[in-house]
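The sequence and structure are shown first.

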Amino acid sequence: MSGLDAAWASLPEYLGWHVLLSLSAILLGVAISLPLAILSARIRVLRGAALGLASIVQTIPGLALLALFYPILLGLSAFTQTTFGFGFRALGFLPALAALTLYSMLPVLRNTITGLTGIDPAVMTAARAVGMTGSQQLLLVELPLAAPVILAGIRTAAVWVIGTATLSTPVGQTSLGNYIFTGLQTENWILVLFGCVAAALLALVVDRLLAFAEDGLVLRSRARLIGSAAGLALVIGVSIFPLLAAAREHPIVIGTKSFEEQYILGALIGDRLEKAGFTTQHRDGLGSQVIFDALAAGDVDVYVDYSGTVWSDDMKRTDLPSRAIVLTQMADWLKTKHGITYVGPLGFENAYAFAMRADKAAALHINSLADLSAYARRMKIGGDFEIFSRPEWRSVENAYGLRFGVQRVYQPDFLYRALMSGEVDVISAFSSDGRIAQYKLKLLSDPKGALPPYDAVLLVSPAHAHDGKLLAALKPLIGSIDLATMQRANLSVDRDTDKLSPEQAARVLEANVAIRARQRHFAP
Amino acid sequence: MIELVHLTKEYHASGRAAVAGLDLQIATGEFLVLVGPSGCGKTTTLTMINRLTEPSAGEIRIDGENITASDPVALRRRIGFVFQDVGLFPHLTAAENIGITLRLMGVPKREIEARIDELLDRMRMPRAQFGARFPRALSGGQRQRIGLARALAARPSVMLMDEPFGALDPLTRDELAPEYRALHDALGLTTVLVTHDMTEAFLLADRIAVMRAGHLVQSGTPHEIVSKPVDEFVRALIENPRKRAHDLARVMGAA
């Protein structure tokens, strides 16, 4: 099980970030919640407001909360950039930290307030009567008596945060969630399980250690407290150490979006750069807009995008000139607007396309999107998370007057199954997807040219625009992967049997690149 | 000498005066017992003396100093306070509970330890046996002894006691009450004790002050109160222990 080997190999990095992120969020959460709870225990109005807000935060799905912090921080960064002349990274650690900190607050707030308000009034009368000042009452009586309850709250928060931290992968923060998200995309359930088990084990160990400290407080056992602290220090030290060692190296950050092709290309780029002597780091499974902003901001150094995505999403262009013009204008725009270097096209296109089962298309004599318009009202269409909100879809709808009876959204891997099982009649697809050939699907042609070209293009961040060594290591990739090769590579990861990991598929692809490079070298 | 001058406490919520214009003097070294039915304002009066309750109007002077204008924290450290619920700190040992006020005052550790030894001896609870115990490992009577020791630790000249023996079993009460009275005499304390137990009041007090509905009804030595009750209310109050003694004698005699 070589996929498992790769999983073990990334464990130090993923675990290290996971622990560092969770620890920071819990510490920050406690630093905010504790004073807030102390005030709230005294001021009734504040208590309602603080607990109410924390409860509302708790009802926001973790993934959405994390995602929300990205645009918020991006705006904030733009503001500080224009006002104070410095910006900060809106992707990765900060949004994850902010969201998890908020997530950690409710149990700490609630338990601290409960602990403080639950103290025997006679004890508080005595505290005043023996001549304690307000702060002495707090430090010598209230906090020590509430400590076990407060610690129980911190324990709950720690378990929540460690679990939720797996969701920080899509905002660009490496965590144990990388296993889960990569596994989900490539249908590698062992990888998903590996991530779940790793996160659960970490949560369990921390929970037990904190429970031990709680016993220590209740029983006033110094040995237990010291034992617990030592255990926590060990867990934190061992997990974070590899990060500290790696931090000195200034790695090249390779970004990927959340589908197989991207993981394969990310691994391919990573292998090449490692061979060229770079240390690399992966930010996997980023959202389409997130990854572009990250490249412009320098949070990601290199990734593969698609010309049509840049054209319509980032340049907000609605016109559709020829492929060559799209590429040159895109390159210009990237350089002048963002300082991003367009290295070149990889050689294949991964365009939005629409596909039907071949038998059904033949029966209805449907060959193109235009043929579809007569049937659309009685048909169901399935799409990935993005397509129906994208300008390409509006362009197709308008160009062909398509109005489908039912629109459904699927996780990309389930899309093909939905089509094959007849749940939907038409699906959105990507032209480089290996499953189009595997399932012998009919790709509908686009006679009116409503869909822009989607050449896979290699982009490099502004900071590395003049990094000759980096660009030289990437150059051989240009024009080296044709559509059939990419489809095969994608299928090798996607298929249900003899599945390869993205890393393995990347090695197969690399062999291809090498052959092409030799061919080019010896060509007259 | 403690002087309560037209002392008043009104609660905003009810608009009712718990204590209404009370005038009372307690001589240095005196053992004054405040009695009266529940809600008569006796506990409120007591807790205004160390400002656990802030007076609405009037003045409290201790040895001539108006304490309603001074720092309440410093005031409380020089007044001992003992109450029915004891309120020992559950996370501190018996010895640590006794030493708390001295610790707050920044007294050197060695002196605190010596004082704890001395007080535990006085309470007949040897340190070796009881010093390291937590309150939950003590009996009710032992807890109140530690509470008493804690109140005495900073060598106060004034002791305020709110039904200090009210929650104790009768045997412990009969042991501890006279013990405290002896301490009061030996240390030259000024004690104000609140109780609704008339027998206890008669047995302990130099002087009894009877309160009703926030007012002082009568004050005098136990003998004066018994011989010249000012009204039917006071008469009924003193009749109670006498009637109980009478009833008891009859039951015992019949046995």
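## Val86(B)

Val86(B) counts as buried because it has 22 C-beta neighbours inside 10 Å; a residue is buried if 20 or more other C-beta atoms, placed from the backbone, lie within 10 Å of its own, exposed if 12 or fewer, and partly exposed in between. The model is predicted: local features need pLDDT of at least 70, side-chain atom pairs count only at pLDDT 80 or more, and totals for chains, interfaces and linings use all residues. Residues are numbered from 1 along each chain as its sequence is written, while chains are lettered from A and ligands numbered from 1 in the order in which they are written.

Val86(B) lies in the loop between β6 (79–83) and α3 (94–104) of chain B; helices (H or I, at least four residues) and strands (E, at least two) are DSSP runs numbered from the N terminus. Its phi is near 65°, a positive value in a residue other than glycine. Most residues other than glycine have a negative phi.

## Arg155(B)

Arg155(B), in the loop between α6 (140–152) and β7 (158–162) of chain B, also has a positive phi, near 50°. Arg155(B) counts as exposed, with 12 C-beta neighbours inside 10 Å.

## Domains of chain A

Chain A is assigned domain 1 (2–243), domain 2 (253–349 + 456–522) and domain 3 (352–444), with bounds from an automatic or database domain assignment. The C-alpha centres of domains 1 and 2 of chain A lie 36 Å apart.
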